[in-house]
Amino acid sequence: MARGLVVFGIGGTGQNHLKVLPDDAELIACKVLIDAKQSLPDDLSVLDSGNVSVRVLALQAPDDGPFKPSGDHVPGDMEADLREVLSETDMAIICAGLGGQVGSSISRTLVRWIAAAYPGIAIVSNLSLPFAQEGKKRGEVAHQALLEISQRCLSSNCIRLDRFACNFPGMSVLELFRIVDAAWIGHMTDCHRLLCRQPWLSQERTMLPGAPTGFA
Ligand SMILES: Nc1nc2c(ncn2[C@@H]2O[C@H](COP(=O)(O)OP(=O)(O)OP(=O)(O)O)[C@@H](O)[C@H]2O)c(=O)[nH]1
Ligand SMILES: [Mg+2]
């Protein structure tokens, strides 16, 4: 049986997502917000209803410019906290909107680090690619991050915001983001069910030639 999930909300999008997650301690062991120091909420009650534990890890902007993926190493002052929350789980979910600095860089680093330090933990990602009108540079940053993150994940759900907007003409950006949140929560719970080995494969599906005959 999978233990509770550790959900990482990284950058502004990750922070917004943590605020709308189900308040379900059976499902979520811990919410971990990672963002630049100056972007953290003043009032943590927006994340913390008291039911699910919350960690907030503040990033100091580098002296020499923007946040960049830093190889396999998470910032030294975060490692002890990360090890503590990860010891409680066998599944980590990384949630970030790609295209900015914090989400795109820290998600890459974190996924690399978890994959190397905890090969037994299943990593799942919930990501988005920016709108085309946000510019080519953000698109490139996002695609590079997506490639690296998804290679290390059990399952990766990446929503292309511009494609999404085509499907919902006239919808406001905020409403679109709420739909993305719902899709990410669906992906998270599906992956958790998979890890819990709940019998979600239908009888018909399992009877296809060559398909698994169900979980033990
Ligand atoms: N799904 C979703 N996407 C968002 C949201 N806000 C912004 N985005 C998208 O995510 C991308 C990254 O935005 P943020 O998450 O604010 O960026 P960040 O990671 O905090 O990076 P910086 O603030 O640039 O350091 C944007 O370019 C948008 O495409 C949100 O609330 N939900
Ligand atoms: Mg930000």
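These are short notes on the fold of this protein, taken from a predicted model.

1. Start with the overall make-up. The protein has 216 residues, and 32% of them count as buried. Its secondary structure comes to seven helices and six strands.

2. Next, the order of elements. Along the sequence the pattern reads β-α-β-β-α-β-α-β-α-β-α-α-α.

3. Take the contacts between residues at least 6 apart in sequence: 72% of them join residues at least 24 apart.

4. The sheet holds six strands. It is open, and its order is E3-E2-E1-E4-E5-E6. The pairing is parallel. Strand E3 (53-59) and strand E6 (155-160) are the edge strands, each pairing on one side only. On average, neighbouring strands of the sheet are turned by 15° against each other, direction ignored.

5. Look at one pair inside the sheet. Strand E4 covers residues 91-97 and strand E5 covers residues 122-129. Seven bridges link them, in the parallel sense. Met 91 has Ala 122, in E5, as its bridge partner.

6. Helix H1 (residues 11-20) lies across strand E1 (5-10), strand E2 (28-36), E4 and E5. H1 runs at about 135° to E1. Helix H2 (residues 76-86) also packs on the sheet, where it touches E1, E2, E3 and E4. The direction of H2 makes about 155° with that of E3.

Terms used:
Residues numbered from 1 in each chain as written. Chains lettered and ligands numbered in written order. Predicted model: local features only at pLDDT ≥ 70, side-chain atom pairs only at ≥ 80, totals over all residues. Helix = DSSP H or I, 4+ residues; strand = E, 2+ residues; numbered from the N terminus. Buried ≥ 20, exposed ≤ 12 C-beta atoms within 10 Å, placed from the backbone. Contact = placed C-beta atoms within 7 Å. Pairing = 2+ DSSP bridges. Axes fitted to C-alpha atoms, helices over the stretch in contact; angles between N-to-C directions.
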